[in-house]
Amino acid sequence: MLSGKTILLGITGGIASYKICELIRMYKRANADVQVVCTPNALNFVTKLTLQTLSKNNVAVEEFDIKNYNPEHISFADKADIMVIAPATANTISKIATGVADNLLTSIACAFTKPVIIAPAMNCHMWENPIIQENLRKLSCTVLEPESGYLACGYLGKGRLCKIEKIFDKTAEILNYKPLTGKKFVITSGGTFEDIDPVRYISNYSSGKMGVALADSAKNLGADVTLITTKDVSKKYNVIKVKSALDMKDAVMREFDNADCVIMAAAVADYRVKETAPQKMKKTDEDEITLTLVKNPDILSELCSLKARGQEDKKTGYIACHHDIRTSYPLVVGFCAESENLIEHAKEKITKKGCDYLIANDISRKDIGFSSDYNEVTILDKNGGMKKLERADKMTIAYQILEEIF
Ligand SMILES: Cc1cc2nc3c(=O)[nH]c(=O)nc-3n(C[C@H](O)[C@H](O)[C@H](O)COP(=O)(O)O)c2cc1C
């Protein structure tokens, strides 16, 4: 995904250095060439061996360990498309801001003329120190501010390294990596709400986070995104808020016609109440009441059969259906949330529904899936192929899914 791009990754002596191993893996998965440069202090926190194994390049530390006629701080600065310093210590930030070039990393930063991203991480009092704040203001680069939370030093405050995905996204954005430009993505998210009466409903625990992560990733990769969701989200792309399965179906069908890819990540209720009471239902003397449920439309199956019909009509030359002018049909991707026999059920579902891909996730686990910020999924394709994506935050999983399907 980032092929042809060279990222110069500077690591300094902060406790968050260990998190950068995951960032290197993300860059490598995106096919970037990663050249790691460490301050000598960084090697107290993370080993050269780990960094060079992950980056598949030698790790540079010493400024005067020159292998050819060309000083490394100049050749690295010339070769890279972007420099990312993460985590950036208060010490290194202050040195770069004031032009101190006393090790390989700070010398490269001083000579670097292309975009630079700095992701600071430090104790909250260091972060609040007016001298550090003043030095940060002197930097003419993108600063990804730290986040608030519990810090490794035991304090609660601002200073935690921002999310690794944020550093990855910013790198991709600056390198203008937009492989999905011109593609329209329709993505659904969240559990639907099926009214019982004006104050009660039937729903599920879906948080909608996976769908939002997919929409954010597709947008970052240049796609024209429409998110159809049951949740309140405010984004820089088109968001259509819906409530019930029927509303969601209407919205999806409206958007389907000119989409290149439809990803159904929403947890659509299988059933709705047959007759929604117009007024709040009163408590009665009965110990039991019965609600009659009726089946909701299966949006994924309907999309798949629309697509199949359209493709068949095109083959036979039949021009009658509403999508007859299409030359190609959107990729249809479904999600399958199961609490047991995940792969078995997923295989049955992809055959039955006829979608191009099915993303299977195990909702019985507390550490992934519904409501969690993490996921672990298996991607099944219509030809019987399967690929497992190891547990990672939902943004990373989203990028990997898009990479796999598009
Ligand atoms: C256990 C430990 C954790 C540290 N974590 C941080 C940190 O997160 N951020 C920071 O600015 N400094 C941190 N420091 C202090 C830096 O290591 C120190 O300022 C050092 O001079 C930074 O060198 P460098 O910027 O050349 O890598 C830490 C020090 C220790 C001993």
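The shell around the ligand holds six nonpolar residues, eight polar residues and no charged ones. This description rests on a predicted model. In total, 14 residues surround the ligand. The closest are Gly13, Thr39, Asn41, Thr89 and Thr92. Among the elements of the chain, helix α4 gives the most to this shell. Helix α4 spans residues 90–97 and supplies three residues.

Ile15 takes part through its backbone. A polar backbone atom of Ile15 is 3.4 Å from a nitrogen atom of the ligand. Taken alone, the ligand exposes 640 Å². The protein buries 65% of that area.

The chain as a whole is assigned two domains. Domain 1 covers residues 6–174, and domain 2 covers residues 184–405. Their C-alpha centres are 39 Å apart. Contact between them involves five residues of domain 1 and seven residues of domain 2. Together the two domains bury about 560 Å² between them. Carbon and sulfur atoms account for 51% of this area. Which residues of domain 1 lose the most area to domain 2? They are Arg29, Glu165 and Asp169. Together these three make up 72% of what the domain 1 side buries.

Two details of the backbone also deserve a look. The bond from Ala86 to Pro87 is cis, and its omega is near -10°. Pro87 sits in strand β3, which runs over residues 82–88. Asn31 has a phi near 70°. This value is positive, and the residue is not glycine. Asn31 is found in a loop. That loop links helix α1 (20–29) to strand β2 (33–38). Arg29, named above for the area it loses to domain 2, falls within the residue range of α1.

Methods:
Residues numbered from 1 in each chain as written. Predicted model: local features only at pLDDT ≥ 70, side-chain atom pairs only at ≥ 80, totals over all residues. Heavy atoms only, no water. Near = heavy atom within 4 Å. Polar contact = N/O pair within 3.5 Å; in protein donor to acceptor, adjacent residues only side chain to side chain. Areas by Shrake-Rupley, 256 points an atom, 1.4 Å probe, with all protein chains shown as cover. Helix = DSSP H or I, 4+ residues; strand = E, 2+ residues; numbered from the N terminus. Nonpolar A, V, L, I, M, F, W, Y, C, P; charged D, E, K, R; others polar. Domains from an automatic or database assignment. Contact = heavy atoms within 4.5 Å. Buried area = accessible area lost by both parts, 1.4 Å probe.
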